[in-house]
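Hi,

Here is the model I promised to pass on.

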Protein chains: 2
Amino acid sequence: MAAFKKNGMQTVWFENPPVIISTASVAGPMEGEGPLGKTFDKVFNDTYYGEETWEKAEQRMMLDAMKKALQKANLQENDIDFMLAGDLLNQIISANFTARALPIPFMGLYGACSTMYEGMALGSMLIDGGFAGRVLVGTSSHYNTAERQYRFPTELGVQRSMTAQWTVTGAGAAVLAGKGNGPVITHATIGKVIDMGQGDPQDMGAAMAPAAADTIVRHFQDTGRNPDYYDLVVTGDLGAYGKKLAEQLVKQKGYEISGGFTDCGILIYNGSQDVHAGGSGCGCSAVVTCGFLMEQLKTGRYKRILGIGTGALLSPCSIQQGETIPGIGHAVVIEAR
Amino acid sequence: MAAFKKNGMQTVWFENPPVIISTASVAGPMEGEGPLGKTFDKVFNDTYYGEETWEKAEQRMMLDAMKKALQKANLQENDIDFMLAGDLLNQIISANFTARALPIPFMGLYGACSTMYEGMALGSMLIDGGFAGRVLVGTSSHYNTAERQYRFPTELGVQRSMTAQWTVTGAGAAVLAGKGNGPVITHATIGKVIDMGQGDPQDMGAAMAPAAADTIVRHFQDTGRNPDYYDLVVTGDLGAYGKKLAEQLVKQKGYEISGGFTDCGILIYNGSQDVHAGGSGCGCSAVVTCGFLMEQLKTGRYKRILGIGTGALLSPCSIQQGETIPGIGHAVVIEAR
């Protein structure tokens, strides 16, 4: 048996931990101006990225990130067994149209902003399970496409609440492989959908925090590890308020993570950028993981990271029909080798 | 190695073929009146299914199908390692809200109408790879939720073209397991996204046919099998026109499937029901597979089925922006044991 999951646990262990042999990130102008700007492979200055619409710009971003990840690993498309991707747009058109341009067997995912981590977890299982030698994983988001789909067209200039987050314009991609050089994925903890009754779509960090905390706690329980095993526990896009909440919820269960806990949505912008509670979107955890976190693992600054992709599973329709906001968190352990 | 995929192929083989230990199907009034009505576990007579909105009705359908599948297998929720589900609604809210009611680690999928087969393929890999003992897979669609999201609210009474299909109101669920009694999944062939330039959203069968044909041909090439190995080759929802096209495209590649080829979208309604080119939607292949096809496998009428879930990867936005319609097809081999 190449890999296993202990009965009743949410965590899978990889016997031969899949290697992240390359990653790539493409980011928009605001993300380029932020503190992580230099960690991205490409930063563009026009939110249209040379395309006619923001949706097409988002597709081009994802395609560029996928191609760059392949190029950095010296691989062709036919060297890849499966592509796993998704995004925030209705019917995940960014991923589907990117996959149209890449002749690779494709499986579409939707985990809202947790999609990059869902993809890394699933891709690792496909590799360690013996079904693939290499898997290409990626996600994207775009501020302008997300705003007009989920909230208001940006041209309207509608005021945003201080708990709201700023959807990252960016795409990240990773090539996972059964062998090679790079950081490895040793575990994945798959989250449950959790809804504590938060119904304000302007405060998605609070909606996602309980799910993130639940997955973090389950990870520690399943593995018997303590927070100090990790150099960093990093969530995807809880933002400033959600991060605080998650920290408290994890503490209530007996684990103190505050010493080494951050959030990609907090890392990606600086205080002078008017993003309110921080960054969000599929692209947020994707570009921070594929850019900054990989750099830190490769330079030895961090050796063991517990990353948790976080997703708010709402739709405009579910909110209009009076529903609260379910959240989910998928965790992946990445270790330098 | 518990399972393997030969280099460069799209098909995975399962060494210990996962067992479909139970399936369940819940269907709406029109589907109940169709020729397969008696094969569904539950048929309801009001498209609202006792809920305030059609979206909530769709969620209830999926939840009922999931619970029924568990019940038929004498299992509780905590006997399941992973739930894999998706649907057609924006941000797959039917699946997400169903998962909220089931405390099972959850991974969301989006493969348009191919989602049931994407889920069965992925679920089988997780089981045969050693990551799960049991996986719950399901999808749903609802005529009224799909029409108002993709086309026009049904209250408007807009005329439909003769190539258009009728979105099935129904949900199907299956419990896959490493051991047990029932038909088994021996292979899965993961499709590529293919777009031959068809841009008419009123004719999605034609848009999906090339992808379905490509996956069918790849399956025969990868396995070295001929169509006569199977008692039935059955696509998800190509409808009358798409099925003909797929048959021709497969024939051009040297394989004659016409002797035992049908489509779930053709099977589910009878000629007197005003559905134009046939049924479609995530629920179409789901209820036909979980209802009729399982019955045929269990009674011995069919021993070997090649099922191909077919998805049209468009969105209303992609159509408005002038895009053509990419398609995908994922195949799964189901054999009676």
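How many cavities of 30 Å³ or more does the rule count? The count comes to three. Before the details, the ground rules: this is a predicted model, so local features need pLDDT of at least 70 and side-chain atom pairs count only at pLDDT 80 or more, while totals for chains, interfaces and linings use all residues. Residues are numbered from 1 along each chain as its sequence is written, chains are lettered from A and ligands numbered from 1 in the order in which they are written, and side-chain values use heavy atoms, with hydrogens and water left out.

Cavities

A cavity here is a set of points, on a 1 Å grid over the protein atoms alone, where a 1.4 Å probe fits but cannot get out, and its lining residues have an atom within 4 Å of a point. Grid points are joined across faces, edges and corners, and a volume is the space filled by probe spheres set on the points.

The largest cavity holds about 210 Å³. It is lined by 21 residues, and the closest to its centre are Cys113(A), Arg151(A), Thr167(A), Met204(A) and Ser280(A). Sorted by class, that lining is 12 nonpolar, six polar and three charged residues (Ala, Val, Leu, Ile, Met, Phe, Trp, Tyr, Cys and Pro count as nonpolar, Asp, Glu, Lys and Arg as charged, the others, Gly among them, as polar).

The second largest cavity comes in at about 140 Å³. Of its 15 lining residues, Leu88(B), Cys113(B), Arg151(B), Met204(B) and Ser280(B) are the closest to the centre.

Chain A goes onto chain B with an RMSD of 0.0 Å, by a turn of 180° and a shift of 0.0 Å along the axis (least squares on the C-alpha atoms of residues with pLDDT of at least 70 in both). The two copies are thus related as by a two-fold rotation axis.

For the contact (heavy atoms within 4.5 Å), chain A supplies 61 residues and chain B supplies 61 residues. Between them the chains bury about 5000 Å², 64% of it on carbon and sulfur atoms; that is the accessible area (1.4 Å probe) the two parts lose on being put together, summed over both. On the chain A side, Gln91(A), Arg100(A) and Phe131(A) lose the most area to chain B, together 16% of what that side buries.

Salt bridges

Six salt bridges cross the interface of chain A and chain B. Glu323(B) and Lys56(A) also meet in a salt bridge, at 3.9 Å, N to O.

Cheers

Terms used:
On a 1 Å grid over the protein atoms alone, a cavity is a set of points where a 1.4 Å probe fits but cannot get out, and a pocket is an open set with protein on both sides within 12 Å along at least five of seven lines; lining residues have an atom within 4 Å of a point. A salt bridge is a side-chain nitrogen of Lys or Arg within 4 Å of a carboxyl oxygen of Asp or Glu.
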